[in-house]
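Good morning, colleagues. Please look at the sequence and the structure on the screen, and I shall then take you through some of their features.

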Amino acid sequence: MSKEAFKQSLKFQLQEKFRVEENKRFHDYLIDLWVEEPESGRQYAICLMNKLARVTIKQNGQTIELKHHGAQDQGRYDFLAQVEKLERITMGRRNVYGIVVLLTNDHLYWTEPMRPNTVDCEFRIHENRIITGELKWQERASAGTKKTVMRRSLLKGDIN
């Protein structure tokens, strides 16, 4: 499923109970879905991502192919960058909450790695991992990969 199809499907479901705005600018950030709960006044900034592993499905005489995105290290980094963005948006705002949804069929995102010391080990997002502090790429990562450092001091819980 493409990110756009996922967004439309989620929006359709949410609109039954909430006010939903697509692609809302909030300060300097673009939010995929901005959801407002009329009764409570709560607002939810929702960012969506999809990272796929190759799959071919034959169903009802139709072939559906999902392409392989690969680059899980960058995908994990991008996911945490979305979390960091939402931390900035929600900080100091009592009724604003952030949600990042990663839709994936790629087990390399949710399973613990076999090798613990990979270049992206600080960006791992497998089940039951708690992430805090400053995150950075390992020294042996390529120069282009290492150009950014992520500050994770605000995240205080399990990201699952």
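This is a predicted model: local features need pLDDT of at least 70, side-chain atom pairs count only at pLDDT 80 or more; totals for chains, interfaces and linings use all residues.

Residues are numbered from 1 along each chain as its sequence is written, and side-chain values use heavy atoms, with hydrogens and water left out.

The names of helices and strands refer to DSSP runs, numbered from the N terminus: helices are H or I with at least four residues, and strands are E with at least two.

Let us turn to the sheet. β1 and β2 pair in the antiparallel sense over seven bridges; two strands count as paired if DSSP finds at least two bridges between them. The open sheet has four strands in the order β1-β2-β3-β6, and its pairing is mixed. β1 and β6 are the edge strands, each pairing on one side only. On average, neighbouring strands of this sheet are turned by 30° against each other, direction ignored. Helix α2, residues 72–90, packs on the sheet and touches β1, β2, β3 and β6. The direction of α2 makes about 165° with that of β6. For such angles, axes are lines fitted to C-alpha atoms, for helices over the stretch in contact, and the values run from 0 to 180 degrees between N-to-C directions. Contact itself means heavy atoms within 4.5 Å.

I now come to helix α1, residues 3–14. This helix of twelve residues reaches 16 Å from its first C-alpha to its last, close to the 16 Å expected at 1.5 Å a residue; the expected span is 1.5 Å times one less than the number of residues. Which residues of α1 are buried? They are Phe6, Lys7, Lys11 and Leu14. These residues lie on the same side of α1, because they cover an arc of only 130° around the axis, the arc being that of the directions from the helix axis to the C-beta atoms. Buried means under 20% relative accessible area, exposed over 50%, and partly exposed in between, with a 1.4 Å probe and protein chains only. The cover over the buried residues of α1 includes β1, β2, β3 and β6.

Leaving aside neighbours within four places in sequence, Lys7 is in contact with Glu22, Asn23, Asp32, Leu33 and Leu48. The side chain of Lys7 also makes a polar contact of 2.7 Å with the side chain of Asn23. A polar contact is a pair of N or O atoms within 3.5 Å; within protein, one must be able to donate a hydrogen and the other to accept it, and residues adjacent in sequence count only if both atoms are side-chain atoms.

Asn23 itself is found in strand β1 and is partly exposed, at 38%. Its phi is near 50°, a positive value in a residue other than glycine. His27, in the loop between β1 and β2, also has a positive phi, of about 55°, although it is not a glycine.

Finally, Glu37 lies in the loop between β2 and β3. Is Glu37 buried or exposed? Glu37 is buried, with a relative accessible area of 17%. Its side chain makes polar contacts with those of Ser40, at 2.8 Å, and Tyr44, at 3.5 Å.
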